[in-house]
Amino acid sequence: LFGLWTNPYISALYKNLVATDTINLYPYLIYKTTVVYGDSSPHGPFGGFAGVVDVAGGSVLAGAVGRATSTVASSYLDVWVVPQLSIAGVRWDVVGRYVISVGGPLVNTFTYVFNPTDRVGYGGLPFYFDSRRYLIVDARDGSTYGPGYFVVAMLYVKEVDRYVMLVWGYGGLDTYAAAIWLTTQPLPNTKAVLVKWSDTNGNGIPDRGDVFVVVKSW
């Protein structure tokens, strides 16, 4: 499973293994996938709490895993698996080898461990949320982004031999848009992306009829 994001044979292999609308989630479609949601009660460094829309986005991803593998992805709240805000503080014995963390660092402490606010994240991940300006920042050039943008990061955590996908947006609706994008768009050959979505069909709901543009990659 090393070098998944750059292996030229992965796409061809997975055309024979998973449904077209879920091929983008590789390698999170193998087995032992866990989806981690932010708790709905105030918690974490900022006393944040996740909304129903975050859970709706996570259910889109969990459903994609189920369709592709004929298994059920386990689901946990961040407060159950992150007793301490560090990689070593995560209860890795509870989650599977592949983890999808839904929701930003203000509302999901699992996301916070790898993509904390106000600084570069795990392995140099440059996209982070600035808690003072309330904007998404690209640390490489200082550019900022607001509503209508989301981040998807795909990390191999060598310390614990796990694969972690972070899925979060500027707001809850943007997080949901990220889930839709993951199950409908080709995943770029990169470790992380910053994506802009536009509600082009005007129905107020992120869906297949909208336009998604990758603005930055890492």
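Tyrosine 170 is partly exposed in this predicted model, because its relative accessible area is 22% and buried would mean under 20%. Tyrosine 134 is partly exposed too, with a relative accessible area of 43%. These two rings form an edge-to-face aromatic pair, with 5.9 Å from centre to centre and 90 degrees between the planes. Follow the chain and you will see that the pair links distant parts of it, 36 residues apart: tyrosine 134 lies in the loop between E4 and strand E5 (135–138), while tyrosine 170 lies in the loop between E8 and helix H5 (172–182).

Let's step over to isoleucine 136. Beyond its neighbours within four places in sequence, isoleucine 136 is in contact with Tyr170 and also with Tyr128, Phe129, Ser143, Thr144, Tyr145, Tyr149, Val151, Trp168 and Leu194. Ile136 is also one of the residues with the most contacts inside the largest nonpolar core, alongside Trp92, Phe110, Phe114, Val164 and Leu166. That core has 30 residues. Helix H4 (109–114) and strands E4 (127–130), E7 (149–157), E8 (162–169) and E9 (192–198) each give two or more residues to it, and E7 provides the largest share, five residues. Apart from this core lies another, of 25 residues, including Met154, Val167, Ala177 and Val195.

Now back to the rings. The structure holds 13 aromatic pairs, and ring pairs join Trp92, Phe110, Phe114 and Tyr122 into a cluster.

One last stop is tryptophan 218, where the charged end of lysine 191 sits over the ring, 4.0 Å from its centre.

Notes. Residues are numbered from 1 along each chain as its sequence is written. This is a predicted model: local features need pLDDT of at least 70, side-chain atom pairs count only at pLDDT 80 or more; totals for chains, interfaces and linings use all residues. Side-chain values use heavy atoms; hydrogens and water are left out. A nonpolar core is a set of buried Ala, Val, Leu, Ile, Met, Phe, Trp, Tyr and Cys residues joined through side-chain atoms within 4.5 Å. Buried means under 20% relative accessible area, exposed over 50%, partly exposed in between (1.4 Å probe, protein chains only). Helices (H or I, at least four residues) and strands (E, at least two) are DSSP runs, numbered from the N terminus. Contact means heavy atoms within 4.5 Å. Rings of Phe, Tyr and Trp (its six-membered ring) pair if their centres lie within 6.5 Å; planes under 30 degrees apart count as stacked, over 60 as edge-to-face and the rest as tilted. A charge sits over a ring if NZ of Lys or CZ of Arg is within 6 Å of the ring centre and within 35 degrees of the ring normal.
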